[in-house]
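Please prepare a short briefing on selected local features of this protein model, with the cut-offs behind each term stated alongside.

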Amino acid sequence: MTGTILVRAARVPQRDGTLSEPVDLHVVRGRIATITGTGASDGAGPAVEPGVEPDTEVLDAGGRVVLPGFVDAHTHAEAAVFEQDVQLAMLRQGITTVVTGQDGVSFAPSDRATYDWASTYFAAIDGVHPTFAGGSVGDLLGTYHRTVPVNVAYLAPHGTLRYRVLGAAQRPASDAEIAVMVGLLEQAMDDGACGLSTGLEYVPAVYADERELVALAKVVAARGLPHVSHMRGYEDKGVAALDELMRIARASDVATHVSHLHGPARELLEHVGGARAAGRDVTYDSYPYLRGCSILSMVTLPPSLPLADARATVDALRDPATAVRLAEHFAGLTDLWPRITFASVPGMEWAEGRTLPDVAARLGLSAPDTVVEVLTATELRASCVFAQPPTNSPESVRTLAGHEAHLAGSDAIYWGGSPHPRGWGAFARLLDEHVRRGSWSWWDAAEHLSARAARRFGLADRGRIAPGAVADLALVDPGRVRDEATYEAPRTPAVGIEDVLVGGVPVLAAGRLTGATPGHGLRPAAAGSAARARS
């Protein structure tokens, strides 16, 4: 390969919502050098443009739409990205960059004990990294340098910082402990983190007070990067949870990004819109499905149990005294049990893809006892897909996806025999549902799926089709693009995107992986220079 590629006869989205006539994108050393009118062809092969080397590689777009490579703003791919089936799942949707370190729990910065905790607690979400076993954010980002076909950005996870300082302590941090966390976060930002993530429904962040969160938010605010949060609640708790994030934002002046926002759209967007009108920099991501996915312990157990310590929690679940205390908690979850389907159950793989009532019947147990059995048998390493309450309606999902504060995130979790299909189809589904139905133009699609996330996380020169931009490019067939993954067959790749470049290197050609690994661990623009995400 010469390092020079001509993407011939591609149509580029225009700000007015139209598509350009076919143009040629000249890619030199990983960037778009020029965009010119399509050259003539005699039918025997591509013509040679003036100024283009004769050995230039030519990719014939054939009138397909060229979009800036998509940025998945919320994904749990820090280990899964090394799996070829996951790489294919991403690229067949046009995803060229993933933002990891989500929900406040991930692999770095960590000593060995913290890494062991994070990789155990989130085993069913983040998996196990094949080469990293603790170290700095810079060390982790280095594992992606030219080893994978997509780029990986990383948020500094608050829960990991907190565990490193406080362990599994179920209390607010002291001033001295906060100061240590601040120092660790500053180093993580120096090492290339693109923001701070919190998981306020997960341990140990559930024990953090606003004083702690504000102190950490000030660190990322000083660098023009966001606080990304899985809030303390969604659906009927969403408005109160948003209020907490806005108090943190006012006290720290941090930009706020809400993870996988879902629930009653009108009420939620009134709060988002009000905060933006008041000058707060607020965005959110969402995915186009009515079911969620998480670890079973978070969905079913109260935070009063020592969930940050899997062994202690398993011991507690085996204690008859705990069963008595849990009875009241489980009594309030009767409407949840029929909505749960098991995604990953190590050692009980036969249960994957089956509903909780089905598994309970096969075990001859009640639903609560089945949950306890699965959690103890797997040492909390089980995950589930679950239907959201009725407030997360199809209309609400579409409304949230149409807002100017929205950008796309799959919340992909790739592990288990029956994972949520969002990791294989979220971006293709958004294109199919919103462009085909006319609620988005192709320019809007580029904004929602790429440009806003690139701006939000300071990913310089990505998210746009223009001279000088990094040539992360996806060629989309407008008539074919769609999500083919289902809850019954979740690992089915999307269709309609068959050619993708990362840094000017073809990584997907004719729908197949090329084997090229030009990906990087991406670092944001220099401190203070990351652009605000508001359009």
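Predicted model: local features only at pLDDT ≥ 70, side-chain atom pairs only at ≥ 80, totals over all residues.

Residues are numbered from 1 along each chain as its sequence is written, and side-chain values use heavy atoms, with hydrogens and water left out.

- Strand β2 (residues 23–28) pairs with strand β3 (residues 31–37) in the antiparallel sense over 6 bridges; strands (E, at least two residues) and helices (H or I, at least four) are DSSP runs numbered from the N terminus, and two strands pair if DSSP finds at least two bridges between them.
- The bridge partner of His26 in β3 is Thr34.
- Arg29 lies in the loop between β2 and β3, and in this hairpin, which has 2 residues between the strands, Arg29 takes a positive phi near 50°.
- Arg29 is exposed, with a relative accessible area of 74%, where exposed means over 50%, buried means under 20% and partly exposed means in between (1.4 Å probe, protein chains only).
- The C-alpha atoms of Arg29 and Arg491 are separated by 34 Å, the two residues being 462 residues apart along the chain.

**Nonpolar surface patch**

- Trp350, Leu363 and Leu365 form a nonpolar patch on the surface, with about 240 Å² of accessible area together.
- Patches are made of residues with over 30% relative accessible area and no salt bridge, with nonpolar side chains (Val, Leu, Ile, Met, Phe, Trp, Tyr) joined within 5 Å and like charges within 9 Å; a salt bridge is a side-chain nitrogen of Lys or Arg within 4 Å of a carboxyl oxygen of Asp or Glu.
- Leu365 is placed in the loop between α13 (356–363) and α14 (367–378), and Leu365 is partly exposed, with a relative accessible area of 36%.

**Ser418 and its contacts**

- Ser418 is placed in the loop between β17 (406–408) and α16 (422–436), and Ser418 counts as buried because its relative accessibility is 9%.
- Not counting residues up to four places away in sequence, Ser418 touches Phe342, Ala343, Glu352, Gly353, Val385, Tyr487 and Pro490, where contact means heavy atoms within 4.5 Å.

**Cysteines**

- A search of the whole structure finds 0 disulfides, a disulfide being a pair of cysteine sulfur atoms within 2.5 Å.
- Cys293 is in no disulfide, and the nearest cysteine sulfur, that of Cys384, is 6.6 Å away.
- Cys293 counts as buried at 8% relative accessibility, and Cys194 also counts as buried, at 0%.

Technical notes. Areas by Shrake-Rupley, 256 points an atom, 1.4 Å probe, with all protein chains shown as cover.
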